[in-house]
Amino acid sequence: MMNMRLVRPARLVDINAVPELSGIAARADGGVTIGALTRHTDLVVSPVVHDRAALLATAAAHVGHRAIRNRGTLGGSLAHADPAAELPAALVALDATLVIEGPRGRRRLAIADFFVGLLTTALGADEILVAIDVPGPPHAGWGFAELARRAGDFAIAGVAGIARPDDSGRCRDARLVAFGAADRPVRLRSAEGALIGTTLSDEAITRAGAEAARECDPPDDVHASSEYRRHLVAVLTEDVARAARDRRAAAAGSPCR
Ligand SMILES: Cc1cc2nc3c(=O)[nH]c(=O)nc-3n(C[C@H](O)[C@H](O)[C@H](O)COP(=O)(O)OP(=O)(O)OC[C@H]3O[C@@H](n4cnc5c(N)ncnc54)[C@H](O)[C@@H]3O)c2cc1C
């Protein structure tokens with residue numbers, strides 16, 4: 001933001017030396033709590049994140065290049081709120097809760113209420129993000145797909161998602177989130193509706209792709225037209241739903257749900 005001259009702060013506070021803001025801890029419910037200062041690389045290599053939030057680990061591996069991942073933080077990515085960023089979308093799909101602290105104390109905020117517009121969040125000017133709670137149990141059925149012009153670039157568009165089956169194997173819950181397709185990460189609720197109650201058959205997945213294209217309204221910019229992004233969101237939604245179905249089938253019998 002400073003580089004683009006979008007902000008010119010009078011004071012800068014370096015939070016790098018606050019150890020309490022870093023770290024990855026397993027939660028009793030099968031989820032994981034991640035400190036806001038945790039680097040993207042730590043998400044990629046952490047066995048706890050792999051076991052309990054594999055979607056997040058995969059999303060982190062798609063962020064920039066290694067030098068960026070070694071330095072960039074989960075909290076920084078969320079607070080910056082770039083609509084094409086991978087980690088915010090993954091955490092919306094995982095239904096994370098954010099722990100926020102300021103002079104009035106600590107509060108918890110559902111990630112659904114955190115992104116309020118382009119590069120804008122619900123964080124107060126005097127608040128910081130302390131940690132991110134990803135609830136358990138882990139999802140076996142998840143998918144992540146994006147298209148970027150070159151590996152390491154911000155995505156032109158992408159989709160992150162989970163699909164959770166009921167005891168009969170039908171999809172009971174789906175959360176599909178598009179990024180690079182609006183001013184913030186957006187749930188594709190009609191596409192989710194096309195999957196819920198189905199066995200994630202090829203027909204249901206094709207319908208979900210069509211619904212995703214119908215419901216999204218992506219921006220037109222120098223990188224891609226709105227129509228092209230809409231096409232991408234449809235194709236990537238199908239890829240994500242198929243990946244979720246196939247992972248779930250491969251993990252049948254595991255404690256993941
Ligand atoms: C060359 C390059 C390529 C990149 N490619 C990608 C990409 O492909 N995908 C992607 O998603 N991102 C990408 N990024 C972004 C990068 O991964 C970081 O997430 C982002 O730059 C934030 O960096 P940071 O964590 O150092 O936060 P900073 O740059 O230090 O901070 C970013 C903003 O968040 C605020 N902030 C930081 N931490 C907190 C906190 N704990 N609480 C409250 N506010 C906070 C700061 O005040 C500032 O406003 C790229 C960045 C660069 C430079």
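**Ligand site, domains and cores**

Let me start at the ligand: a polar side-chain atom of Glu86 sits 2.7 Å from one of its nitrogen atoms. I call that a polar contact, meaning a pair of N or O atoms within 3.5 Å. Before going on, this is a predicted model: local features need pLDDT of at least 70, side-chain atom pairs count only at pLDDT 80 or more, and totals for chains, interfaces and linings use all residues. Residues are numbered from 1 along each chain as its sequence is written, and side-chain values use heavy atoms, with hydrogens and water left out.

Leu129 brings a backbone N or O atom to 2.8 Å from a ligand nitrogen. How much of the ligand does the protein bury? Alone, the ligand exposes 960 Å², and the protein buries 63% of that (Shrake-Rupley, 1.4 Å probe). There are 20 residues around the ligand (a heavy atom within 4 Å); His40, Gly64, Thr73, Glu86 and Leu129 come nearest.

Now the domains. The chain divides into domain 1 (22–134) and domain 2 (142–250); the bounds come from an automatic or database domain assignment. Their centres, over C-alpha atoms, are 21 Å apart. Contact (heavy atoms within 4.5 Å) takes 23 residues from domain 1 and 21 residues from domain 2. Together they bury about 1,800 Å², 67% of it on carbon and sulfur atoms. That is accessible area, 1.4 Å probe, lost on being put together and summed over both parts. On the domain 1 side, Leu55, Pro83 and Ala93 lose the most area, together 26% of what that side buries.

Last, the cores. A nonpolar core joins buried Ala, Val, Leu, Ile, Met, Phe, Trp, Tyr and Cys residues through side-chain atoms within 4.5 Å; buried is under 20% relative accessible area, 1.4 Å probe, protein chains only. The largest has 40 residues, and Leu55, Leu56, Leu78, Leu91 and Phe114 touch the most other members. A second, separate core has 26 residues, including Ile156 and Ala178.

Terms used:
Buried means under 20% relative accessible area, exposed over 50%, partly exposed in between (1.4 Å probe, protein chains only). A polar contact is a pair of N or O atoms within 3.5 Å; within protein, one must be able to donate a hydrogen and the other to accept it, and residues adjacent in sequence count only if both atoms are side-chain atoms. Buried area is the accessible area (1.4 Å probe) that two parts lose on being put together, summed over both.
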